[in-house]
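This report is written for a reader new to the structure. Please look over the sequence and the model before reading on.

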Amino acid sequence: MVEVARTEFILGGQRSGKSRRAELLARDWLASASGRRAVMIATGQAWDEEMRERIARHQADRAARVPGMVTVEEPLALADALRQHSDGHTLIVVDCLTLWLTNLMMPADPAQALAESAVIAAGEALCAAIAEAPGPVVLVGNEIGLGVIPMGREVRAFVDALGRLNQQVAAACGRVTLMAAGLPLTLKDAV
């Protein structure tokens with residue numbers, strides 16, 4: 001059984017085991033005492049067939065690993081959703097911050113994209129909601145800044161914004177875990 005921190009940020013590359021770790025934390029939270037709940041706040045949006053299939057696969061995997069977890073879909077108003085669903089008996093899993101940031105910066109309608117200052121403010125609002133949450137919060141996000149510098153201006157701006165968001169959330173959380181090949185590496189543990 002993995003110890004559940006009050007706040008944990010799990011980051012890593014694609015298919016590194018981030019979501020699985022978050023789900024195992026939720027499973028252990030639910031099993032450790034009666035009267036507990038777990039809520040997944042899912043930020044992904046199905047814009048194409050591949051993403052629809054990916055979301056369906058995640059839903060099926062999650063239902064098998066954590067049958068008692070409720071899913072709430074919220075692609076934009078993440079801080080509000082966290083405040084709405086958090087209480088002392090509920091563990092919140094946010095999966096994932098990278099897709100949430102994508103929704104803010106690169107929506108289907110480009111006219112709705114947020115300016116850099118609004119993206120930073122949304123990150124600050126999220127961190128405030130994390131600090132105010134009465135129950136445990138587990139957040140999942142991607143670490144994409146370890147590779148080469150992207151060629152396009154928009155992609156560089158996104159990588160920079162995700163790096164800033166990851167730093168904001170890491171500072172707001174008591175535990176930060178880096179996942180690689182399914183293995184957790186604790187970067188911070190102020191629990």
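The sections below describe a predicted model, starting with its sheet and ending with its cysteines.

## The sheet

Seven strands form an open sheet with mixed pairing, and their order across it is β3-β2-β4-β5-β1-β6-β7. The edge positions belong to β3 (70-73) and β7 (183-189); each has a single partner strand, so one side of each lacks a neighbour in the sheet. On average, neighbouring strands are turned by 20° against each other, with direction ignored.

In general, the strands of a sheet pair through backbone hydrogen bonds, in either a parallel or an antiparallel way. Strand β6 (residues 175-180) pairs with β7 in the antiparallel sense, over six bridges. A180 has L183 in β7 as its bridge partner.

Five residues of α3 are buried: L78, A79, A81, L82 and H85. Viewed down the helix axis, these buried residues fall within an arc of 165°, so they line one face of α3. The elements covering them include strands β2, β3, β4 and β5 as well as helices α4 and α5 (116-132). On the face turned away from the buried side, α3 carries the exposed residues D80 and Q84.

## R21 in helix α1

R21 belongs to helix α1 (residues 18-32). Its relative accessible area is 13%, and R21 therefore counts as buried, since the limit is 20%. Leaving aside residues up to four places away in sequence, R21 touches V2, E8, I10, R175, T177, M179 and P184.

## Cysteines

The whole structure was searched for disulfides, and zero were found. C96 is in no disulfide; the nearest cysteine sulfur belongs to C173 and is 14 Å away. With a relative accessibility of 7%, C96 counts as buried.

C173 is likewise in no disulfide. The cysteine sulfur nearest to that of C173 is the one of C127, 7.4 Å away, whereas a disulfide would need the two sulfur atoms to be within 2.5 Å. C173 is buried too, at a relative accessible area of 2%.

How values were computed:
Residues numbered from 1 in each chain as written. Predicted model: local features only at pLDDT ≥ 70, side-chain atom pairs only at ≥ 80, totals over all residues. Heavy atoms only, no water. Buried < 20%, exposed > 50% of the residue type's maximum accessible area, 1.4 Å probe, protein only. Helix = DSSP H or I, 4+ residues; strand = E, 2+ residues; numbered from the N terminus. Contact = heavy atoms within 4.5 Å. Pairing = 2+ DSSP bridges. Axes fitted to C-alpha atoms, helices over the stretch in contact; angles between N-to-C directions. Arc of directions from axis to C-beta.
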